[in-house]
Amino acid sequence: MAYGLLLDFLYGQTIDSYKYFGAHFEKKGRVKGVTFRLYAPAAEDVSVIGEFNGWDVGANKMAKVDDSGVWEVFIPHLSNYQSYKYHFRNADGFYVDKADD
C-alpha cells in the first residue's frame, strides 16, 4: 500500500499523502514508537528534532529510503503530543528547521 500511495503522490494523483508522510505510531517487532517520513528530494543530512531528544540535531538522523527523495526514521518509546520538527540541509546548503504540515 505504501508504495502505491507514494507513486500516487509523485504523480499528483492523491489527497491522502498524510497517510504515508509525517509521524505515525507503529510497532516494530515488540517495540512501540513513531515512524517519521518526509518528502525532501533536494535535502541532505536530515534529522528529527524535538522535546524527546532535547532538540539535538544528531540524535535521530533520518535515512534516505529511495531515489524519489523520501527520508525515514523510527524512534522508539515516544508518546503523544511531543513537539518536533525536521532539521535538514536544503538545496542551497543552509540548515533549516521545518514543522510538519
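Contact, as I use the word here, means heavy atoms within 4.5 Å.

**Entry 1: ground rules**

I am looking at a predicted model, in which local features need pLDDT of at least 70 and side-chain atom pairs count only at pLDDT 80 or more, while totals for chains, interfaces and linings use all residues. Residues are numbered from 1 along each chain as its sequence is written, and side-chain values use heavy atoms, with hydrogens and water left out.

**Entry 2: Asn53**

I started with Asn53 and its contacts. Leaving aside neighbours within four places in sequence, Asn53 is in contact with Val48, Ala59 and Asn60. I found Asn53 in the loop between E3 and E4; strands (E, at least two residues) and helices (H or I, at least four) are DSSP runs numbered from the N terminus.

Is Asn53 buried or exposed? Asn53 is buried, with a relative accessible area of 15%. For that word I use these cut-offs: buried is under 20% relative accessible area, exposed is over 50%, and partly exposed is in between, with a 1.4 Å probe and protein chains only.

Next I looked up polar contacts, which are pairs of N or O atoms within 3.5 Å; within protein, one atom must be able to donate a hydrogen and the other to accept it, and residues adjacent in sequence count only if both atoms are side-chain atoms. A polar atom of the Asn53 side chain lies 3.0 Å from the backbone oxygen of Val48. The Asn53 side chain also reaches the backbone nitrogen of Trp55, at 3.0 Å.

I moved on to strand E3, residues 44–50. Why do I call E3 largely enclosed by the rest of the structure? Because 5 of its 7 residues are buried.

Ser47 sits in strand E3 and counts as buried at 0% relative accessibility. Its side chain reaches the backbone oxygen of Val57 at 3.0 Å. Setting aside neighbours within four places in sequence, I noted that Ser47 is in contact with several residues, including Val57, Lys61, Met62 and His87.

Which strand joins E3? Strand E6 (residues 84–89) does, through 5 bridges, and the two run antiparallel. The bridge partner of Gly50 in E6 is Tyr84.

**Entry 3: the open sheet**

I then traced an open sheet of 4 strands, in the order E1-E2-E5-E4, with antiparallel pairing. Strand E1 (22–28) and strand E4 (63–64) stand at the edges with a single partner strand each, so one side of each has no neighbour in the sheet. Strands of a sheet pair through backbone hydrogen bonds, either parallel or antiparallel.

E1 and strand E2 (residues 31–39) run antiparallel and are joined by 7 bridges. I checked two places along them: Gly22 stands opposite Arg37 in E2, and Lys28 has Val31 in E2 as its bridge partner. The hairpin of E1 and E2 has 2 residues between the strands, and Gly29 there takes a positive phi near 65°.

Most residues other than glycine have a negative phi. I noted two with positive values. Asp45 has phi near 55°; this residue is in strand E3 and is partly exposed, with a relative accessible area of 27%. Tyr81 has phi near 65°; this one is in the loop between strand E5 (70–76) and E6 and is exposed, at 81% relative accessible area.

**Entry 4: the largest pocket**

I looked for pockets on a 1 Å grid over the protein atoms alone: a pocket is an open set of points where a 1.4 Å probe fits, with protein on both sides within 12 Å along at least five of seven lines, and lining residues have an atom within 4 Å of a point. The largest pocket has a volume of about 210 Å³, a volume being the space filled by probe spheres set on the points.

Which of its 13 lining residues are closest to the centre? They are Phe21, Gly22, Arg37, Asp100 and Asp101. E1 and E2 each supply at least two residues of the lining.

Last, I looked at Gly12, in the loop between H1 and E1. Gly12 counts as exposed at 62% relative accessibility.

Terms used
Two strands pair if DSSP finds at least two bridges between them.
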